[in-house]
Amino acid sequence: MSDFWANAKAKAAKVAEQAKSSSLQTKLLAEKKMLERKIRVQKEEFGKEVYESMATENSDLTKQIFLKHKEIIDDLSRKIVQKDKDISDLKLKANDQPTSSKGTAI
């Protein structure tokens, strides 16, 4: 009977870990989408700002605007790459979970 409870506790812990991993993946995907949206907004703002500077043929201001937005977009892109890595790590960890002695996932 104690084997039954030990096995049940182990299975419950495994299910809880899988649920935690799944919720973390979902959270990371949502954060990634938010970062992608921020990049899109930055590009839209860049377009508005650079249009004005190009209309006045101010190449120095155009370059400053580009560098400002490039820095922000590059930073957001690095964060997206990190989110992708974190998601992949979680998926690998979930796939590395041990299986039961019958060869099926617990």
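1. Start with the contacts along the chain. Among contacts in the protein between residues at least 6 apart in sequence, 71% join residues at least 24 apart. The model in which these contacts occur is a predicted one.

2. The secondary structure consists of two helices and zero strands. Helix H1 covers residues 2-55, and helix H2 covers residues 59-95.

3. How do the two helices lie relative to each other? Two packed helices are described by the angle between their axes and the distance between the axes. Here the axes of H1 and H2 come within 9 Å and cross at roughly 165°. An angle over 145 degrees counts as roughly antiparallel, and H1 and H2 are therefore roughly antiparallel to each other. Their crossing is left-handed. The residues of the contact between H1 and H2 comprise 18 nonpolar, seven polar and 15 charged ones.

4. Leucine 90 belongs to helix H2. Is leucine 90 buried or exposed? Its relative accessibility is 15%, so leucine 90 counts as buried, the cut-off for buried being under 20%. Leaving aside residues up to four places away in sequence, leucine 90 touches Ser21, Leu24, Gln25 and Leu28.

5. Lysine 83 is another residue of helix H2. Which residues does lysine 83 touch, not counting those up to four places away in sequence? They are Leu28, Glu31, Lys32 and Leu35. Lysine 83 and glutamine 25 are 58 residues apart in sequence, and their C-alpha atoms are 9.4 Å apart in space.

6. Glutamate 57 sits in the loop between H1 and H2. Most residues other than glycine have a negative phi. Glutamate 57 is not a glycine, yet has a positive phi of about 55°. With a relative accessibility of 72%, glutamate 57 counts as exposed, because exposed means over 50%.

7. Last, the totals for the protein. Of its 106 residues, 19% count as buried. The protein exposes about 8300 Å², and carbon and sulfur atoms supply 58% of that area.

Conventions. Residues numbered from 1 in each chain as written. Predicted model: local features only at pLDDT ≥ 70, side-chain atom pairs only at ≥ 80, totals over all residues. Heavy atoms only, no water. Axes fitted to C-alpha atoms, helices over the stretch in contact; angles between N-to-C directions. Helix = DSSP H or I, 4+ residues; strand = E, 2+ residues; numbered from the N terminus. Parallel < 35°, antiparallel > 145°, perpendicular 65-115°, else oblique. Left-handed = near helix turned anticlockwise from the far one by under 90°. Nonpolar A, V, L, I, M, F, W, Y, C, P; charged D, E, K, R; others polar. Buried < 20%, exposed > 50% of the residue type's maximum accessible area, 1.4 Å probe, protein only. Contact = heavy atoms within 4.5 Å. Areas by Shrake-Rupley, 256 points an atom, 1.4 Å probe, with all protein chains shown as cover.
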